[in-house]
Each structure stands twice: as C-alpha cells, then as structure tokens.
Amino acid sequence: MGKKIVVLGAGLVGKTMIADLNNTHDVTAVDVDNRAIKMVSEIAGVKAVKADLSDPQIIRKVIKDCDIVIGAIPGFMGFATLKTVIEIGKDIVDISFFPEDVFVLDELAKKNNVTAVVDCGVAPGMSNIILGYYNARMAVNAFECLVGGLPIKREWPWEYKAVFSPLDVIEEYLRPARFVLNGQLVTKEALSGAELVEFEELGTLEALNSDGLRSLLKTMDIPNMIEKTMRYPGTIEYVKVLRDTGFFSYDLINVGDKQIRPIDLTAELLFPKWKMGPGEADVTAMKLSITGKVDGQDKTVVYKLVDRFDPSTNTSSMARTTGYTCTAVVQLLLSGKYSRTGISPPEYVGTTEENFQFILNYLKDRGVIYKVIAE
C-alpha cells in the first residue's frame, strides 16, 4: 500500500477525496458526524474514526503516525486545526475557507519543516494554480475570476444548494470583498458590484463581489485583480434582505425568556433547504481571464470550466472540482515533486511546467476538464 493519509472531515468533498486517494494509499477518515462516518466506512479499505476535531489533543492522536494530512473541515475550525497540524510537524493540504490570515503561521511551518498548501480547492485553488503558472511566464496586468457552484434544478425560493459547509456559504455573504484596482487595494461590502454575466451553457447569471482572492493579494504584484461569485439572478436581493434584517448575526438577542444567536435559528431553518438530496445534480462554472504582455506583445489567456454532477459515481461537481484539485496536490507532495516549506498558497504550486501539467492531467483523467478558449 502507499502512504498513510489522514483526512480531517468526511463530508461530501472529504468523501470524494477519500475515495480517490484510497485507490493508491492507506486512508483514515476522521469526523464527528455519524452519517459522514457511515458513508466513508462503506468504502472498502478506509479506516473511519469518529472524533471531535475541535480538540487539539484528538487531532494530535489521529495524525501522529501519518505521512500527510488533508484539512476538509468547516472554516470556523480551519485555522486552529491547521496550526495544530503544523505544530505536530505534518505536511498538510487544506481546503478550509477560514477568515484568519494564514501567513501568520508561515514562520511556524518553516521552523517545523512543514509544507502547508492552503486554499487548495477550485477557487481559491485551481484558479490560483493557473494564475501562478502564467504569472511566471508573462507580465500580468489583469486577472478576473468568475466562479459559481449551482444546482441544475432551480427551485423557489433559494435556487441554491450547498455541497460544503453552509456556514462557509453565509460567510461569503458577510465578509467584505477585497480586490485590486489600478494597483490599489479596494474593499467593498459583501454582495456589492452586482452584474449580469452570460455563461453560454447556463444562460444569464448574477455575479457579485466576493473575497476569493485571499493569498493573491499578498503573493501577486498585479495591478488589477478581482473575483466574483456567480449565482442565479435574484440571489443578491433576498440574501441582502436576510443579512440586513439581522438573520446572519452572531450577537445574542432576547426571544421571550431565552437568548439566541440569529445565525443559529437561520441555520436550523435554512440549511435543510440547502442540502443536496440523493442524486441531485449540480454544476460548477468558472471563467478565468488573464491579460498582460510577453516580450512586449499583448497576450490574453482565458480558461473555462463547466463541470457537472457525475451520476455514475453519485459525486457532486463541487466535490469533484474541489476535491480532485486537492488530491492532485497531495500526490505531488507525496511524490516529492513539491516540497516548498512554509505556508504555500496554490499559486506557488502552479509555477513549474511539470506540476502544472500534472494537475491538469490528473483532473482530466477524472473528467474535470479546463478548456483554454483564448490564448
């Protein structure tokens, strides 16, 4: 058998990564949720462990003998978990979307000789890898990422389903969006900058400012960069109503003789409506535009992804596009083809020709195909 891998988090994306890596490695899946543990325990050869990953001592125990860790837990737990893994001295590839500044852990990771690839999903993740590749080969002056995961079936009132932590989805609607315009960092309210965009296979979508550039704001000296999240038209309006009324607030309020956080009530009401049902199909759409110069000549590169639910394996598109990007990078680390110590955002991984092509081919072999539509 191959290397020992521990996957922290066995949700829909975690399960997809577990199944993928289980073909060539010894995989242990860890989660506190009984349903998640039951799902992954049905994969032949996988060791499933029920454990509370909010406890650092438990994390230390479950990863002490592994070769590499995958972080696939909700964002509110992500930073603390990553820190614990680095303290133990284990390499990690992480897809947790946490709000903290990950670079504060860079010195600790280097001290412990740890390679920590973070934000390694679809966007952030593959979008960074592609930009990193071209930024090493051209003088980039503008980068735009339009990305969205959507259900194929549009059902009133939400026309949305979440295949990862719904709290992380809500965080996207709360966290101020940062982008770069004419060399200056600009911060706008979440859900701002609404525009209609045409995506050929899906029709008219609504794009809104989101805080998805993340590490690119520090690692890339590009004068114009922006990421926008795509949803079906009308989403921004109803989410703004919920947000501005206070349904997403974490502050305690009095309801009768009890105190509750509005976000907890919202979660109880909303999350069941957002849950993907068995066999429900989704689509992941992304369009990346990179412009700049090569040897003084103008150059534009456009990548496009339209990936759909795989009925043969009952795997959601978001799990495929996010999970297989992560597992491709895991394979790079295990093979020794990528070993940069410290905090390593995906744009660093994509700079070399060999690694870039490996990731593209790894995804292609699993049916996730990025098309170059202009270059």
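## A pocket and a run of paired strands

Helix H3 gives the most to the lining of the second largest pocket, with four residues. This is a predicted model, in which local features need pLDDT of at least 70 and side-chain atom pairs count only at pLDDT 80 or more, while totals for chains, interfaces and linings use all residues. Residues are numbered from 1 along each chain as its sequence is written, and side-chain values use heavy atoms, with hydrogens and water left out.

Let's start with the pocket. On a 1 Å grid over the protein atoms alone, a pocket is an open set of points where a 1.4 Å probe fits, with protein on both sides within 12 Å along at least five of seven lines; lining residues have an atom within 4 Å of a point. Its volume, the space filled by probe spheres set on the points, is about 330 Å³. Val6, Thr28, Lys47, Lys61 and Val62 are the closest to its centre among the 14 lining residues. Two or more residues come from each of strands S1 (4–8), S2 (26–31) and S3 (47–50) and helix H3 (56–63); helices (H or I, at least four residues) and strands (E, at least two) are DSSP runs, numbered from the N terminus.

Now follow strand S15 (residues 282–294), which pairs in the antiparallel sense with S7 (residues 139–151) over twelve bridges. Two strands pair if DSSP finds at least two bridges between them. Serine 289 in S15 is the bridge partner of glutamate 144, and serine 289 also stands opposite valine 302 in S16. S15 and S16 (residues 297–308) pair in the antiparallel sense over twelve bridges. They form a hairpin with two residues between them, and aspartate 295 in the turn has a positive phi of about 55°.
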